[in-house]
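Here is a short briefing on one protein chain. Please look over the sequence and the structure before reading on.

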Amino acid sequence: LPSETSPSIKNETHVMKMLENGLKILRYAAVMESPHPEDKNRKFIISYSLAKDEMQIYEPHQRNAGIIEGRFMEYCQVRKPGTSIDNPEYYTPADFAIGSTIEILSRKFKIVDCDLYVLKYLEANASKYPASTIESIRAIHADKL
């Protein structure tokens with residue numbers, strides 16, 4: 001029998017996760033926190049793939065912003081600042097409470113909103129996520145429930 005740390009069990013777990021979460025994407029709205037005035041009103045969409053535990057950041061078109069919109073970052077796992085390369089800790093949906101700030105590519109993003117699907121998913125899997133994260137999201141969607 002394979003041990004718990006064997007590659008076959010890790011691969012099997014990964015495959016199950018892919019099958020369960022195939023196309024499930026959690027989408028959050030964020031703004032860049034920056035000392036530069038030209039970055040003040042920049043808005044971003046952070047998409048989190050549940051199947052791969054990867055995220056992408058996209059900057060939608062903003063009329064007369066003078067900034068080229070598009071992909072800010074392709075899908076990848078993002079290591080939290082201050083964690084070691086030998087023992088990395090990656091961002092997960094647990095880190096995306098409304099009002100929280102995350103640091104990616106030496107830039108800070110404040111989470112300001114998310115899709116209603118995010119709330120439904122987190123509530124359905126409440127044992128995996130902090131109650132404070134779920135509550136922060138529930139608060140912004142209170143009028144839609």
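**Cysteines**

Cysteine 114 has a relative accessible area of 6%, so it counts as buried under the 20% limit. The model is predicted.

- Cysteine 76 is partly exposed, at 28% relative accessibility.
- The number of disulfides is zero.

**Confidence**

- The protein chain has a mean pLDDT of 85. A pLDDT of 70 or more is reached by 80% of its residues.
- Residues 1-6 have pLDDT below 50. This stretch makes five contacts in the model beyond near neighbours in sequence.
- Where pLDDT is low, predicted coordinates should not be read in detail.

**Sheet layout**

- The sheet is open and has six strands. Their order is β4-β3-β2-β1-β6-β5, with antiparallel pairing.
- Strands of a sheet pair through backbone hydrogen bonds.

**Strand β2 and its partners**

- β1 and β2 run antiparallel and are joined by seven bridges. Valine 31 has lysine 43 of β2 as its bridge partner.
- On β2 (residues 43-49), five bridges link to β3 (residues 54-59), again in the antiparallel sense.
- Two bridge partners in β3 can be named. Isoleucine 57 is the partner of isoleucine 46, and methionine 55 is the partner of tyrosine 48.
- The hairpin of β2 and β3 has four residues between the strands. Aspartate 53 in this hairpin takes a positive phi near 55 degrees.
- β2 is mostly covered, with five of its seven residues buried.

**Helix α2**

- Where does α2 (residues 116-124) pack? Helix α2 packs on the sheet and touches β1 (25-33) and β6 (107-114). The direction of α2 makes about 120 degrees with that of β1.
- The buried residues of α2 are Val118, Leu119, Tyr121 and Leu122. Seen down the helix axis, they fall within an arc of 165 degrees, so they line one face of α2.
- Residues three or four places apart in an α-helix point the same way, because there are 3.6 residues a turn.
- Lys120 and Ala124 are exposed, on the face of α2 turned away from its buried side.

Conventions: Residues numbered from 1 in each chain as written. Predicted model: local features only at pLDDT ≥ 70, side-chain atom pairs only at ≥ 80, totals over all residues. Heavy atoms only, no water. Pairing = 2+ DSSP bridges. Contact = heavy atoms within 4.5 Å. Axes fitted to C-alpha atoms, helices over the stretch in contact; angles between N-to-C directions. pLDDT = per-residue confidence, 0-100. Disulfide = S-S within 2.5 Å. Buried < 20%, exposed > 50% of the residue type's maximum accessible area, 1.4 Å probe, protein only. Arc of directions from axis to C-beta.
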